[in-house]
Amino acid sequence: NRKHLEQKPIFVGAVGNDQYGDEILQKLKMNGIDIENINIVNNKTSFVEIDKSEGSPIPKFFRSSDNQIYFTKELEAHIKKSKILHFSYWPLSIEPSKSTILQSIEVAKKNNVVIGFDPNYHIDLDPLKGLNKDEILKVIGQVDIIKPSLDDSIRIFGEGLSPNEYIQKYIELGCKLVIMTLGEKGLIVSCNGEIIEMESLAKTVVDTTGAGDAFWGGFYTGIITDESINDSLRLGLLCSSYNLKEIGAFNNFPSLKDLKKELKIGE
C-alpha cells in the first residue's frame, strides 16, 4: 500500500477487459499503485479460487489473461531505476510472461538491483508450459531474497526434510537471504550464516488472503528505508498481522511512522 508505506511501487501485469479487471485497477489506483504497466487484454481476468482460508490456502486456478506480460524498453528502464525487482512463480509458469521474467532477472543482475522471489510453486499452474524443475532451481540460484513456505519447499524439493534442511537447500543454490514462513508459527530466516526465528505477530486471523504480500510490502519497506534485517522482518510480520484481521487482500493498516512506532524501531 503506497499511501501507508510511503513507497513508489510499479506493478507489472495483465488483467481482462471485464468487471473484475476494472475492480483490480480501481483498487490499485486507490492505494496509490502505478498501473501504467498493466496490460488490459480482451480475455477474462485470471483468478484463484481458495478452498480454505485458515492455514495454507488450497488454490484452484482459472487463467486467461495474466500471462500477457511483455518485456519492453519501458520495463527495462523501470528495472534499471528500481531498488528491488520482485516476482512470484505465477508468471514463470507460462509464456510470454515466463520469458519476460527471465529477461527482467538478467537486467536486474547487470544493474545490481536486489531480486526477491516468492516461489509459490504449484504444479497445477501448467507444468508443460512453465519452468521444469532444473529451470526453477536455476532461477532460485539467481535471486537474493526468497520467501518460501514449508509447502512450497515440499513441492520443490520433496518431502521428508526439516525447515532448517530446506533452508540449506536454498542456500546451497545461491540465495543470500532465505525467509521460510511457517504459518502461525512465524518465520525461520537464514541471513549471512545466522539463523533467526521469529514468532507471528498475528493475534486475530480472519482471512489469510494477501498476508504474504503484506509481509513483502513491510519487509521491502524496511530494507528500502535502511532498517536492519531484523527490524525489516518485524515490519513485514506486523503488516501481515494487520492484513490477517480482515477479509481480502486490499486492507488498510497504519502509516509507516506508526508501524515503526508500534515496533519501537528507531527509538
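# Exercises on a predicted model

The largest nonpolar core has 29 residues, and F87 and F117 have the most contacts inside it. A nonpolar core is a set of buried Ala, Val, Leu, Ile, Met, Phe, Trp, Tyr and Cys residues joined through side-chain atoms within 4.5 Å. This is a predicted model, in which local features need pLDDT of at least 70, side-chain atom pairs count only at pLDDT 80 or more, and totals for chains, interfaces and linings use all residues. Residues are numbered from 1 along each chain as its sequence is written, and side-chain values use heavy atoms, with hydrogens and water left out.

**Exercise 1. Describe how α5 and α6 meet.**

Step 1. The axes of α5 (residues 133-142) and α6 (residues 150-157) come within 10 Å and cross at roughly 130 degrees. Axes are lines fitted to C-alpha atoms, for helices over the stretch in contact, and angles run from 0 to 180 degrees between N-to-C directions.

Step 2. Helix α5 makes the contact through K133, L137 and I140, and α6 through R155, I156 and F157.

Step 3. By class, four of the contact residues are nonpolar, none are polar and two are charged. Here Ala, Val, Leu, Ile, Met, Phe, Trp, Tyr, Cys and Pro count as nonpolar, Asp, Glu, Lys and Arg as charged, and the others, Gly among them, as polar.

**Exercise 2. Decide whether S190 and S46 are buried or exposed.**

Step 1. Buried means under 20% relative accessible area, exposed over 50%, and partly exposed in between (1.4 Å probe, protein chains only).

Step 2. S190 lies in strand β9 (residues 187-191). Its relative accessible area is 5%, so S190 is buried. Among the residues S190 touches, beyond four places away in sequence, are I167, L177 and I195.

Step 3. S46 sits in the loop between β2 (38-41) and β3 (47-50). At 15% relative accessibility, S46 is buried. S46 and G16 are 30 residues apart in sequence and 7.4 Å apart in space, C-alpha to C-alpha.

**Exercise 3. Locate the backbone exceptions at P96, N112 and K264.**

Step 1. Most residues other than glycine have a negative phi, and most peptide bonds are trans.

Step 2. The peptide bond from E95 to P96 is cis, with omega near 0 degrees. P96 lies in the loop between β5 and α4.

Step 3. N112, in the loop between α4 and β6, has a positive phi near 55 degrees. N112 is exposed, at 72% relative accessibility.

Step 4. K264, in the segment after α10 (256-263), has a positive phi near 60 degrees. K264 is exposed, with a relative accessible area of 60%.

Conventions
Helix = DSSP H or I, 4+ residues; strand = E, 2+ residues; numbered from the N terminus. Contact = heavy atoms within 4.5 Å.
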